[in-house]
Amino acid sequence: MSADTSPRGGLRDLKKIFGGGSSNVRQFGILFSLIAIIVLFQVLTNGLTLSSGNLINLVSQYSYILILAIGMVMVIIAGHIDLSVGSVAAFAGIVVATAMQDWNLPWPLAILLGLFVGVLIGAWQGFWVAYIGVPAFIVTLAGMLIFRGGNQVIGNANTVPVPDGFTVIGSGYLPEVGPFTGYNNLTLLLGLVIAVAVILMEWRARRVQKIMGSTPAPLWVSVLKVVLLVAVVIYATVLFAGGREGTSFPVSGIILGVLVLFYAFITRNTIFGRHVYAVGGNKLAAELSGVKSRRVNFLVMMNMSILASLAGMIFVARSVASGPQDGLSWELDAIAAVFIGGAAVSGGIGTVTGSIVGGLVMAVLNNGLQLLGVGADLVQIIKGLVLLIAVGVDVWNKSQGRPSLIGFLTRKSKTSEFPPEPPAVVPTSGTPETARPSDVSS
């Protein structure tokens, strides 16, 4: 059978660069927005946005918010919200700092202590949400007050310094090893590994599609996709590796990358991940299918507190001290990242990678405005408008049966050019209230 060379076939093939499915394409709408924001600030700041020093600072400065976004997206997918993450992070940070200063606890054990604090807090809040039935909004609102007060009680509203060894997780960089090349060799090696991984993943995806009997995208689509991704990886690698002496890719960025890979796998390829989506999409149907919703909700809330504790420790390590103002408004930044990244307010929809992209949008926006000298008051206003517009456009598109920005841009020709796909079928007949299953509130 000959290849489809019509405009319809070309557009469909091009769409496969983004995964082929409407849920994957939706995530790339915000990715395009991220690219546009980077280009805009690169021009307005005369090249400072993509300078080595600024990129390194960007990752180091916002890694803890992106870690919070990883946990928050799972909470929101499950149909909940967590307002306590900033206070939990601050509480864990002051406990760890106090333990190292007053109890002379070695910093590796202090990190384990901080994670254990997150487990206890998560179990406490998860119990009220999952087994008592108190809405997560109320439970975490109470937690926000309790643990903010706990932070000030333990630290006496003072700043508590941390030892140098502990600061590695927040302000450390990949060390200098090997011969002098003018770049950080470990960062170059990391970039090479990522580039090879991108190539192998695309090759494996095509191989699996052939084994399963499905038709893979044309070879040129895969080649274009790999070339673009590898080019971005190489460019970013050179920037991070070319920072001033003593700096390179941040250790906090390594921690973030490992967490992204781990949780992306958990949410996409495990039974627990599918159960989280099922509970958030339709709790009753999930329970009738044998999903233990209470256990899912309990683990999701516990996981959020563990990641909040880790984020708090990374922030304290970067700041070299824990203080009473740590964690303020972090929950708002994490929630904004998740919703900008494509998660649904009603639950059941969202991805880890989408939330990271959403978090990067907020980070680059905040960083770019600071480079331009915009005041903190206007920065807050602009960030609020970006969140409102992003969620508003997403809700409006869904109400029109167009789940993605690309669907919005091609609304006049989509019916004739693209056949509907199973997850996003919009009937052409019936009452106006007819909606896709993903749009129906559980």
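Which hand does the crossing of α4 and α5 have? The crossing is right-handed, where right-handed means that the near helix is turned clockwise from the far one by less than a right angle, and left-handed that it is turned anticlockwise. The structure is a predicted model, in which local features need pLDDT of at least 70, side-chain atom pairs count only at pLDDT 80 or more, and totals for chains, interfaces and linings use all residues. Residues are numbered from 1 along each chain as its sequence is written, and side-chain values use heavy atoms, with hydrogens and water left out.

Helices are DSSP runs (H or I, at least four residues) numbered from the N terminus. The axes of α4 (residues 85-102) and α5 (residues 107-132) come within 9 Å and cross at roughly 145 degrees; axes are lines fitted to C-alpha atoms over the stretch in contact, and angles run from 0 to 180 degrees between N-to-C directions. Contact (heavy atoms within 4.5 Å) involves Val 88, Phe 91, Ala 92, Val 95, Val 96, Ala 99 and Met 100 of α4, together with Trp 107, Ala 110, Leu 113, Gly 114, Val 117 and Ile 121 of α5. These residues divide into twelve nonpolar, one polar and no charged; Ala, Val, Leu, Ile, Met, Phe, Trp, Tyr, Cys and Pro count as nonpolar, Asp, Glu, Lys and Arg as charged, and the others, Gly among them, as polar.

Helix α5 also packs against α6 (residues 136-155), at an angle of about 145 degrees and with the axes 9 Å apart. This crossing, too, is right-handed. Ile 121, Trp 124, Gln 125, Trp 128 and Val 129 of α5 meet Ala 136, Val 139, Thr 140, Gly 143 and Phe 147 of α6, giving seven nonpolar, three polar and no charged residues.

Ten aromatic pairs are found in the whole structure, a pair being rings of Phe, Tyr or Trp (its six-membered ring) with centres within 6.5 Å. The rings of Tyr 64 and Trp 330 have centres 4.5 Å apart and planes at 40 degrees, so this pair is tilted; planes under 30 degrees apart count as stacked, over 60 as edge-to-face and the rest as tilted. Tyr 64 belongs to α3 (residues 52-77) and Trp 330 to α14 (residues 330-340), so the pair ties together parts 266 residues apart in sequence.

Notes. Helix = DSSP H or I, 4+ residues; strand = E, 2+ residues; numbered from the N terminus.
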